[in-house]
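Please walk through this structure with the sequence and the coordinates side by side.

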Amino acid sequence: MVPSAWRLYVERWTAGTTGRSKLIARMRRPAQAALTPRELDVLNAVADGLTNAEIGSRLVIAEATVKTCLLRLFAKLEVNDRTHARGEGHGARTAPSSVGGSALRSGT
């Protein structure tokens, strides 16, 4: 390709970069997956202020399983810690916990 033609091609391509890059980013990002019932149980327990060990005892699962579940929750909610997961969970509609504990309520 001739240098001037190449420059014209690049200019035309980058002219719509903002819209194009947003579209590409949106298409590359997987659709937000719904939380599983177990993840909701763990999120509700986090909202109750329980430690990983206490969550494991409440839900009758290993502490390692709680940690794995939290990592998946963080990814789905696009957060990095328990505090933000709890905040995001308050904005989401969640089902009542199937094993003890309170359910997160929207707007509280």
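Two residues are said to be in contact when heavy atoms of theirs lie within 4.5 Å. The model is a predicted one, and it has six helices and zero strands, so that the order of elements from the N terminus on reads α-α-α-α-α-α. Of the 108 residues in the protein, 27% are buried.

Helix H3, which covers residues 37-47, packs with H4 at an angle of about 130 degrees, the axes being 10 Å apart. That angle makes H3 oblique to H4, and the crossing of the two helices is right-handed. On the H3 side the contact is made by Arg 38, Asp 41, Val 42, Ala 45 and Val 46, while H4 contributes Ile 55, Arg 58 and Leu 59. Sorted by class, the contact of H3 with H4 has five nonpolar and three charged residues, and no polar ones.

Helix H4, residues 52-59, also packs with helix H5, residues 63-77, and here the angle is about 105 degrees with the axes 8 Å apart. Because angles from 65 to 115 degrees count as roughly perpendicular, H4 is roughly perpendicular to H5. The residues that make this contact are Asn 52, Ala 53, Ile 55 and Gly 56 from H4, together with Glu 63, Val 66, Lys 67 and Leu 70 from H5. By class, the residues in the contact of H4 with H5 divide into four nonpolar, two polar and two charged.

Once its neighbours within four places in sequence are left aside, Ile 55 is in contact with Val 42, Ala 45, Val 46, Leu 50, Val 66 and Arg 82.

Asn 52 also belongs to helix H4, and with a relative accessible area of 15% this residue is buried, because the cut-off for burial is under 20%. Apart from its neighbours within four places in sequence, Asn 52 is in contact with Glu 63, Val 66, Lys 67, Leu 70 and Arg 82.

Returning to H3, nine of its eleven residues are buried, so this helix is largely enclosed by the rest of the structure. The buried residues of H3 are Glu 39, Leu 40, Asp 41, Val 42, Leu 43, Asn 44, Ala 45, Val 46 and Ala 47. One of them, Asn 44, is buried with a relative accessible area of 0%. The C-alpha atoms of Asn 44 and Ile 55 are separated by 9.5 Å, the two residues being eleven residues apart along the chain.

After H3 comes Gly 49, whose phi is positive, near 85 degrees. Most residues other than glycine have a negative phi, which gives a background for the next two residues. Val 60, in the loop between H4 and H5, has a positive phi of about 55 degrees although it is not a glycine, and at 70% relative accessibility Val 60 counts as exposed. Glu 78, whose place is in the loop between H5 and helix H6 (82-91), likewise has a positive phi, near 55 degrees, in a residue other than glycine. With a relative accessible area of 56%, Glu 78 is exposed.

How values were computed
Residues numbered from 1 in each chain as written. Predicted model: local features only at pLDDT ≥ 70, side-chain atom pairs only at ≥ 80, totals over all residues. Heavy atoms only, no water. Axes fitted to C-alpha atoms, helices over the stretch in contact; angles between N-to-C directions. Helix = DSSP H or I, 4+ residues; strand = E, 2+ residues; numbered from the N terminus. Parallel < 35°, antiparallel > 145°, perpendicular 65-115°, else oblique. Nonpolar A, V, L, I, M, F, W, Y, C, P; charged D, E, K, R; others polar. Left-handed = near helix turned anticlockwise from the far one by under 90°. Buried < 20%, exposed > 50% of the residue type's maximum accessible area, 1.4 Å probe, protein only.
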